[in-house]
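Open the model in your viewer and keep the selection panel at hand. The tour goes stop by stop.

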Amino acid sequence: MVDPFPEVAHVESPAGSIYLEADTVDRLVDTYDWLQEHSLTPEETAAFLAALEEESQ
């Protein structure tokens, strides 16, 4: 059965909202997943920011 509603991605930009469908959505999901895998955890982020604050004093 074919899904009558394709996946859609919503992107906010200075020019306004952009809605993307099909292959572009797959690329956005892959990019988002990569960024999430390579980002600091909330705890690591807090420690990093605390170290920056300490270093700047």
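Which residues form a negative surface patch? Select Glu7, Asp23, Asp26, Asp30, Asp33 and Glu37: together they make up that patch. Patch members have over 30% relative accessible area and no salt bridge; like charges are joined within 9 Å, nonpolar side chains (Val, Leu, Ile, Met, Phe, Trp, Tyr) within 5 Å. A salt bridge is a side-chain nitrogen of Lys or Arg within 4 Å of a carboxyl oxygen of Asp or Glu. Asp and Glu count as negative, Lys and Arg as positive; His and the chain ends are not counted. A charge is placed at NZ of Lys, CZ of Arg, CG of Asp or CD of Glu.

Before moving on, note that this is a predicted model: local features need pLDDT of at least 70, side-chain atom pairs count only at pLDDT 80 or more, and totals for chains, interfaces and linings use all residues. Residues are numbered from 1 along each chain as its sequence is written, and side-chain values use heavy atoms, with hydrogens and water left out.

Stay on Asp26. It is found in helix H1, residues 23-38. Helices (H or I, at least four residues) and strands (E, at least two) are DSSP runs, numbered from the N terminus. Asp26 counts as partly exposed because its relative accessibility is 40%. Buried means under 20% relative accessible area, exposed over 50%, partly exposed in between (1.4 Å probe, protein chains only).

Next, the strands. Select S1 (residues 8-13) and S2 (residues 16-21). They run antiparallel, joined by 6 bridges. Strands pair if DSSP finds at least two bridges between them. The hairpin from S1 to S2 passes through 2 residues. Pick out Ala9: its bridge partner in S2 is Leu20. For Glu12, the partner in S2 is Ser17.

Step back to Pro4, in the segment before S1. Pro4 is exposed because its relative accessible area is 61%. Draw a C-alpha to C-alpha distance from Pro4 to Glu43: 41 Å, across 39 residues in sequence.

Now go to helix H2, residues 42-56, and find Leu49 there. Areas come from the Shrake-Rupley method with a 1.4 Å probe; for residues, only the protein chains shown count as cover.

Ala51 also lies in H2. Ala51 counts as partly exposed because its relative accessibility is 44%. Its C-alpha is 31 Å from that of Asp30, 21 residues apart along the chain.

Last stop: Glu54, in H2. Is Glu54 buried or exposed? Exposed, because its relative accessibility is 56%.
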